[in-house]
Amino acid sequence: RSEGFSSLDYQVLAATGDETLWGLYADVAPSDAFRYTVYADSYENDAGEVDRTIGAEAAIVLSERAILSLGIEHNDLDDNASEIGTRTDIAARLDYALTDSVEVYAFGQNSIAVDGLDRNDRYGVGGVYVMENGWSLAGEISDGSDGQGARIVAERDDGAGNTTYLGYELDAGREINGATLVGRDRGRYIMGGTRTVNDEVTMFGENSYDAFGRYRSFSSAYGLTYTPSDIWSSTVAFELGSVDDENVDPSQRNDFDRTAVSFGLRRETEDLTLSGRLEYRLDEGLRSGSQLKTETFIVAANANYIINPDARLVFSLNAADTQTVDSSELDGEYGEFTLGYAYRPTENDRLNVLARYRYLHDMYGQRIDDTDVDGPRQRSHVISVDASYDLNENWTLGGKFGYRNSETAADEASAFVQNDAVLTAVSLRYHLVHNWDMLLELRNFQTIQAGTSETAALTAAYRHFGNNLKVGVGYNFGSFSDDLTDMVYDDEGVFLNIIAKY
C-alpha cells in the first residue's frame, strides 16, 4: 500500500510511508477426525516498523460431542516505540456439545517465551444456544493480561432470506487506527440484518456505536441488491459515519463526518460478462486540528466477450478523482482504459497470443520507492503483443513487442514533453519434471526522444500448483520492467511472480 492510500477505514500517511504486506495460509484435513492449519503474515513499512507472525493449529475429534484444538504462535514485533521484541504463545480449547442445541467451550492461552513484549495470557468460557424459532445466542467472557473481554450476539435466520443480528463486544487490548485509548473502553454495539423483499430485491443495513475511551463513533450502512433477471443484478449501498473526539486541545481534535455511496451493476450471459461500480466518498471536519474536506469519485468497469471457444475480447476501465484541502491526502485524477484480444485454441493450445491497447492518464504521479514525493505524471497510449509457442513438451518460445506514445512530466511543477519508447523481448522456457519451469528472457528497451537503449536479461524458476496456478521467483538484471507505463527505472533485483491461468 503506497503512501496516500485511503479507504473508508484505513489510510497510509507520511508517518509510515509505503507499507508491504504478505501472507501464506494452508488448511489441510487428512481425515474426518483431524485437521491442521499453518500460516504466516508479515508487515513492514518505510519507517522501519515490523510485525511478523507464524503459527500452526490442529483440531482433533475426540468423540461425537468433543473436539480438542491446539495451537502455537510466534510473533516478532518492532513498532519503533514501546513494543520491540518476540513472543511465543501456546493455546488449547475444548468444545463439548451438551445437546443438539447447546454447546459449551473453555479455552486457555499462555506466553511460554517472552523477550521485550507484554505477555498475552488469556482464559475464558463460552457457549452457543440454538433455539427452535430460528434464533441463536452466543456468549463469551474472558480475562487475561490485556484485561477483561466479553461478547454476546443474538442472531436469527428465518430460512426465507431474512436475517437479524444484534450484540455487544469488548475486545481486550484493542486499538483503533490513529486513535489512542484515553479513558475506559466500553466496547462496541452493533445491530443489523437483511430483508428479502421478493425474488428480485434484497435489502441490508447495519448500525454500530463504538465507545472507545473519549472517542464516540456512530456509523450506519444501508443498501439493496436488485436482480431483475438471471442476467442483470445491481447493488446500491450507503455508509454514514461520524467521529466525535472529546479532546480539549483544539490542535489535536479529530471530529469529522464520513458519507459514502456506491452503485454497482452486473450483466452475465453465456458469451458476455459486464460489471461496473461507481463510488463517491466525502470526509468533512477536523483532523489533528486542521480543516478536513476530501471528495473522492471512483469508477471501475470490466467486460469479457467470448467470440468463440478460441478467442475473446477483454475490456477494463478504472478512474479516480480526489479533491482535498488536507495535505495528507493525494489530490489529483487517474484514468486507465484497456482493450485486449486473447487467442488460445482449445483443440491445440501450442500458440497463445494476447494483443492489447492501453491508455493511462495519471495526474497523481507515480510513487517513487523510498521517498515521500510524487514521481512522473503521464498521458500514455501503449500497444503491445505477447505470444508464446510450444516447440515440444519441454520447450516454449515466447516474445513481446510494445510501443508507447506518451507525454510525461517529471513532477507537478514540470511541463509535459514527448517521451515515446519501444520494448522488445524474447524468452525461452524449459519445463522440468515434477511441475517446475525455468525461464530465461532477453529484453531491449529504447527511448525515442532521449535516444537511450538498454539490453538486459531476466531469469526465473516457477512451481506449478494444479492446472490454474504457478508461483515463480526470479532476478531482473535490468533497471526497466516490461510495463511501458512504469517511468521509474528501479526494477533491478529479486521478484516474486504469481500467475493464474484459465
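These legends describe close-up views of a predicted model.

**View 1. Seven acidic residues form a negative surface patch.** The members are Asp-41, Asp-51, Asp-76, Glu-83, Asp-118, Asp-146 and Glu-175. Asp-51 belongs to strand β3, which covers residues 50–61. Its relative accessibility is 36%, so Asp-51 counts as partly exposed. That value passes the cut-off for patch members, which is over 30% relative accessible area.

**View 2. Strands β7 and β8 form a hairpin.** Strand β7 spans residues 122–130 and strand β8 spans residues 135–144. The two run antiparallel and are joined by nine bridges. Val-130 has Ser-136 of β8 as its bridge partner. Four residues lie between the strands. In this turn, Gly-134 has a positive phi of about 100°.

**View 3. Strand β8 also pairs with strand β9.** Strand β9 runs from residue 149 to 157 and is antiparallel to β8. Eight bridges connect β8 and β9. Glu-140 stands opposite Arg-151, a residue of β9. This hairpin, too, has four residues between its strands. Gly-147 takes a positive phi there, near 105°.

**View 4. Glu-44 and Arg-52 form a salt bridge.** Side chains of opposite charge can pair when their charged atoms come close. Here the closest N and O atoms are 3.3 Å apart. Glu-44 has a relative accessible area of 33% and is therefore partly exposed. Arg-52 is partly exposed because its relative accessible area is 31%. A search of the whole structure gives 14 salt bridges.

**View 5. Arg-281 and Asp-283 meet in a buried salt bridge.** The N to O distance between their side chains is 3.4 Å. Both Arg-281 and Asp-283 are buried.

**View 6. Arg-443 and Asp-482 form a salt bridge between distant parts of the chain.** The closest N and O atoms are 3.8 Å apart. The partners are 39 residues apart in the chain. Arg-443 sits in strand β25 (residues 436–447). Asp-482 sits in the loop between β27 (469–476) and β28 (493–500). Arg-443 has a relative accessible area of 8%, so this residue is buried. Asp-482 counts as partly exposed because its relative accessibility is 35%.

**View 7. Glu-336, Arg-358 and Asp-483 belong to one salt-bridge network.** The salt bridges in this network share partners.

How values were computed. Residues numbered from 1 in each chain as written. Predicted model: local features only at pLDDT ≥ 70, side-chain atom pairs only at ≥ 80, totals over all residues. Heavy atoms only, no water. Patch = residues over 30% accessible without salt bridge, like charges linked within 9 Å, V, L, I, M, F, W, Y side chains within 5 Å. Areas by Shrake-Rupley, 256 points an atom, 1.4 Å probe, with all protein chains shown as cover. Salt bridge = Lys/Arg side-chain N within 4 Å of Asp/Glu carboxyl O. Lys, Arg positive; Asp, Glu negative; His and termini not counted. Charge placed at Lys NZ, Arg CZ, Asp CG, Glu CD. Buried < 20%, exposed > 50% of the residue type's maximum accessible area, 1.4 Å probe, protein only. Pairing = 2+ DSSP bridges.
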